[in-house]
Amino acid sequence: MNNTVRFDDAKRIRLSDVAVETRPPDGIEFAVEGHLRVSEALLGEFEGTTLKPVRVTVSVGDADSVALDLSGPATLRLETVDVGVATSDREDLADGIDALRSSANDSPGSVDSHPDVLSFTVEGEIRDVPLETIVALSASVSSLESVTFAVDESVRSDGGGGDDVVFKLSLLGYGIVVRWDGSIVVVPDSRGSLDPL
């Protein structure tokens with residue numbers, strides 16, 4: 001099963017900066033910054049799965065779109081992933097606080113104090129990109145349109161080695177593991193470990 005995140009109409013994710021540069025003969029470097037609103041329900045939808053990026057679509061120039069197929073021969077390699085709670089001057093955080101106040105009015109017994117808006121920065125490169133894609137990206141990339149993930153049930157081999165992990169996060173009762181190849185594994189955090197399986 002595939003799941004495509006379109007950034008032009010996504011309600012849970014907003015990109016604030018996208019930089020993409022070609023590195024001849026067959027490389028592309030990128031840096032993406034933005035905000036992500038998370039919830040237990042959202043993480044629960046992907047519990048026990050591995051999300052592997054298989055296609056990225058970017059806008060080039062005024063209207064053209066270029067799809068980067070990551071299923072081969074091109075491969076994704078993340079260099080850094082940085083995630084934190086969105087700062088208080090962010091509009092998204094204000095929205096999150098308003099939502100918490102609203103839910104508190106509905107059920108005054110308790111308020112979930114977990115942060116639900118995260119800021120993130122992801123940097124990396126795509127290697128072995130076909131020449132026709134490099135040529136198509138000769139114009140400036142104006143935005144990131146979408147990312148498509150293959151969503152599969154996690155299996156023991158998805159765990160990989162410890163050196164495959166670029167980022168681990170425990171959030172809202174779930175463990176989130178991001179690997180160098182861009183795959184994301186979501187597991188229950190009740191096991192006391194973020195080892196995917």
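Select T49 to begin: with a relative accessibility of 12%, T49 counts as buried, a word that here means under 20% relative accessible area, whereas exposed means over 50% and partly exposed lies in between, all with a 1.4 Å probe and protein chains only. T49 belongs to strand β4, residues 49-60, where strands (E, at least two residues) and helices (H or I, at least four) are DSSP runs numbered from the N terminus. Now show F46 as well, and look at its backbone oxygen, which lies 2.5 Å from a polar atom of the T49 side chain.

Before going on, keep in mind that this is a predicted model, in which local features need pLDDT of at least 70 and side-chain atom pairs count only at pLDDT 80 or more, while totals for chains, interfaces and linings use all residues. Residues are numbered from 1 along each chain as its sequence is written, and side-chain values use heavy atoms, with hydrogens and water left out.

Of its 197 residues, 39% count as buried.

Now select β2, β3, β7 and β6, which in that order form an open sheet with antiparallel pairing; two strands pair if DSSP finds at least two bridges between them. At the edges are β2 (13-23) and β6 (75-85), each of which pairs on one side only.

Which residues touch the most other members of the largest nonpolar core? They are V58, L78, I126 and L137, in a core of 40 residues, where a nonpolar core is a set of buried Ala, Val, Leu, Ile, Met, Phe, Trp, Tyr and Cys residues joined through side-chain atoms within 4.5 Å. Strand β8 (residues 141-153) gives the largest share of this core, namely five residues. In soluble globular proteins, nonpolar side chains tend to be buried together.

Finish at L137 and, leaving aside its neighbours within four places in sequence, select the residues in contact with it, which are T22, I28, V58, V60, V66 and L68; contact means heavy atoms within 4.5 Å.

Technical notes:
Polar contact = N/O pair within 3.5 Å; in protein donor to acceptor, adjacent residues only side chain to side chain.
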